[in-house]
Amino acid sequence: MQIRDYIIRRLMILPILIIGTSIIVFALTRIGGSPIGIYLSHEMSPAEVQEMKERFHLDKPVPVQYFYWIKGVSQGDLGWSGVASAPVVDVFPKKFAATMELAIAAGIVAVSLGIAMGTFAGARRNKISDHIIRVVSVSGASMPLFWFAILLLIIFWVWLGWFPIGRSDPNLFEAIPHPTGFYTIDALLAGNFSAFRDAIWHLIMPAVALGYGATAIIARMMRSSLIEELQEDYVDAAKAKGLAERVVLKKHARRNALVPTVTVIGLTFGFLLQGTVVAEIIFRWPGLGRWMASAVLRGDQATIMTYVMFTSILFLFVNLVVDIIYAYLDRRVVLGD
Amino acid sequence: MRNILVVAYSILLGLFLTVGVNAQTIKNPGVLVHAADDEATTLDPAQVEAGEGGETVILQVYDRLLEFGPSGPELIPGLATTVPSVENGMISDDGMTYTFEIRKGAVFHDGTDVTAEDVKFSWDRIVEMDLPEGQAGVISDIVAETQAVDDYTFQVTLLEPSASFLNSTVVSMAASIVSKDAVMANGGVVEGEPNEYMAQNAVGSGPYKLKAWNRGENILLDINENYWGNKAKLAARIEIGAEPDVRVLGLRAGNYDTIETDPSFVADIEGADGVTLHTGGLLLEPIHVGFNLNIPEGALPKEDTIPTDFFHDPRIRQAFNYAFDYEAFLYGPLAGFGEFNPHYLPIGIFGHDPDAPRYGAQDKAKAEELFRAAGYWDNGFSVSVITEEANLFADAALVLKDSIEDLNPNFRINVLAVAEAVFDEAHAQNPVEYAMWVKNADPFADPHPYMSAYQHPDGEWGEVHGFANGYRNPEKIAELIDGASTELDVKKRAAMYSELQKMLFDDPMWLITAQEGVTMAYREWVTGFVHNPLWPRPSLRFSYLGK
């Protein structure tokens with residue numbers, strides 16, 4: 001079988017997998033009960049409850065409800081979010097962009113600080129600065145995110161008033177268009193420096209809170225990799241050739257030490273995405289995590305199903321891409337050996 | 001080392017001084033920042049539920065014909081220039097026709113004039129749409145006909161004389177006046193279907209204009225510079241969805257000017273620098289335990305051992321009322337902010353009779369006597385009570401459990417604390433498939449809606465819970481409630497409610513745990529603070545406030 005045929009075969013299977021996933025997601029959410037509760041108020045009479053069921057097709061058998069839902073999804077109607085009081089399709093992209101922006105900012109904090117701290121500590125093994133960085137790293141890895149986030153909130157928002165919570169100054173946010181949904185990028189595209197500064201200012205606290213735990217992991221990995229590299233023969237050879245200590249460290253040892261660290265960084269991004277739920281709740285960041293937590297607590301099934309379907313499809317595509325890469329790397333995958 | 005200490009001390013001093021400055025400096029000048037509990041669902045008066053977050057915004061951006069004034073139930077003119085009365089000739093002698101003179105010069109936010117036709121359109125619209133989540137019944141249950149007599153005269157004919165028309169219908173958020181032009185240009189009126197434009201926008205004539213609604217973040221309100229009355233002093237920003245602890249921290253830091261809170265946070269707020277705790281008055285939403293007299297066969301949870309007619313016996317209902325530890329609830333979860341409320345007419349509502357017989361104090365001996373007489377003392381029973389999780393209602397259910405189980409080890413109360421959506425679904429069933437549930441009542445300004453919804457054998461809950469199966473004299477109770485609703489003589493009406501309260505003491509259909517007290521907190525720099533529980537929560541009109 002050619003690689004092209006393999007890819008075509010995998011692409012043909014993909015819609016079946018997506019439909020299968022949608023059935024499973026729909027069935028699992030319905031096991032938790034009817035989603036009607038989110039649309040009801042305690043003043044409604046039974047006749048009014050029935051009207052609400054009819055409006056959302058919840059008076060029909062579950063398989064029929066599934067077809068209404070999948071028909072809506074195919075037409076871009078993901079249902080009504082009771083938590084956000086708006087169509088899911090309108091809210092999801094905004095929340096997704098907000099969460100990604102926070103996760104990326106936290107990733108930048110974690111990577112830049114982690115590599116710098118790890119390099120600094122590794123190059124000064126067993127010196128006082130190494131011990132200090134080790135303490136800082138262990139603290140970051142062992143402090144619960146919610147506790148550290150509240151600590152930052154109390155010190156920098158309540159006491160000092162240096163950093164705000166939420167995502168933006170609403171007046172600045174309203175003043176610019178939002179083509180990407182990323183406030184920082186939109187502010188730059190609009191050429192509005194005040195809005196850009198506002199975006200950064202709002203990002204700092206949640207990004208630091210979220211990134212600190214990952215910083216610790218990256219710094220620890222960077223330090224130990226660098227120490228290993230510094231014990232390699234090529235380092236001694238470089239020094240013997242007369243290269244300056246700083247050049248050996250930056251041009252040779254650090255570059256090689258980054259290889260295992262980058263692997264950890266990749267894994268860390270998943271950790272950051274998980275952490276956004278807590279950070280968003282504490283810092284009132286209007287992202288997917290906070291929205292989803294409310295949706296789960298209040299039984300907002302349209303929102304939950306969209307989120308689960310989105311992540312499922314994302315994983316299906318990622319798996320597809322990985323399989324294709326494997327196929328290129330190892331022909332036996334294509335040949336089915 | 002010395003240098004390090006100097007730096008450390010400098011940082012600490014700076015930190016201390018910064019806190020001091022924060023306490024003195026007004027933050028967010030020109031804007032009132034209110035931290036709200038949750039998101040609005042809709043901004044359309046025709047769709048909004050009573051007590052829902054959207055009413056907070058509707059109060060500020062729309063006008064009604066009449067409004068509740070700042071200090072209690074007195075009515076003041078809104079878009080109507082005069083409060084109708086028989087004396088000024090604007091209520092007909094038979095009490096059937098009300099005439100409202102519409103204010104000239106009032107304009108909607110879209111620039112069009114407010115006319116009697118807009119008023120008629122607004123009222124007719126909610127009845128025509130008749131959305132299940134809305135409050136069409138506020139108008140359709142009482143109004144026979146509306147008429148725009150001329151551009152500035154609006155007339156209403158009632159189905160029957162009503163003592164509560166002005167202070168329950170006219171002032172309700174559902175009766176807010178919308179721009180006819182704006183509605184017709186954006187989807188019009190369709191029976192049974194929400195108007196998406198009106199759900200997300202607001203074209204009223206109130207002191208505020210809706211600037212933006214960023215879901216999950218905030219709602220921004222601009223001052224309406226063309227407002228016909230006293231203009232708002234501050235723009236307003238409603239911050240949505242901060243955790244209760246974060247709201248308290250934000251208030252203490254001065255980042256929020258007013259917050260929604262409850263008695264459990266009073267200890268965190270009391271004595272905070274620059275913060276005022278407002279605890280005057282009572283909410284008009286009695287927290288109640290419902291007794292179901294209409295339990296379907298086989299519907300109860302399997303742990304329940306009671307027969308379906310358990311609550312038909314008034315002695316059982318009385319026994320529960322005597323057994324409840326009112327002090328534990330009032331001084332526990334409510335932190336002392338509230339009152340023992342003996343009747344279904346809350347303190348502060350016309351018709352509340354302080355001399356009527358009351359429960360409100362635990363009497364274990366009396367409870368035991370009644371349970372023995374009803375035949376349940378020796379063998380005991382097990383019954384479930386459903387409630388929302390993690391709030392005052394769940395606390396009330398737990399106090400009930402402690403009270404009843406402490407009385408007799410053979411008694412068992414299973415508290416089912418569930419997610420809000422699950423509770424709402426269970427609560428909206430007819431018949432309800434649980435023997436008991438805990439919630440609060442909706443607030444009203446007139447006694448009739450309380451009596452009609454919660455006590456009348458054919459009323460909203462009377463029908464669902466089968467009150468006719470349990471009242472000793474359902475006809476008499478119905479006659480008194482119906483009669484009081486149309487009785488225009490104030491003294492006679494008060495006497496009827498007094499008699500009702502005596503009857504309902506002997507024949508209780510609810511266990512009223514307490515009347516919750518007001519616990520609002522705001523920054524000291526907020527001026528003109530007034531709080532009226534008859535306004536939708538948080539019971540503030542932002543236009544009155546300055547800083």
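This is a predicted model: local features need pLDDT of at least 70, side-chain atom pairs count only at pLDDT 80 or more; totals for chains, interfaces and linings use all residues.
**Conventions.** I note that local features need pLDDT of at least 70 and side-chain atom pairs count only at pLDDT 80 or more, whereas totals for chains, interfaces and linings use all residues; side-chain values use heavy atoms, with hydrogens and water left out. Residues are numbered from 1 along each chain as its sequence is written, while chains are lettered from A and ligands numbered from 1 in the order in which they are written.

**Background.** Most residues other than glycine have a negative phi, and most peptide bonds are trans.

**Cis peptide bonds.** I looked up omega for the bond from B:N430 to B:P431 and found it cis, near 0°. I placed B:P431 in the chain B loop that runs between α14 (420-427) and β16 (436-440); helices (H or I, at least four residues) and strands (E, at least two) are DSSP runs, numbered from the N terminus. I then recorded a cis bond from B:R537 to B:P538, with omega near 5°. B:P538 belongs to the segment after β18 (520-523) of chain B.

**Positive phi.** In that segment after β18 of chain B I also located B:S539. B:S539 is not a glycine, yet its phi is positive, at about 65°. I read its relative accessibility as 5%, so B:S539 counts as buried (under 20% relative accessible area; exposed is over 50%, partly exposed in between; 1.4 Å probe, protein chains only).

A:N126 is partly exposed because its relative accessible area is 49%.
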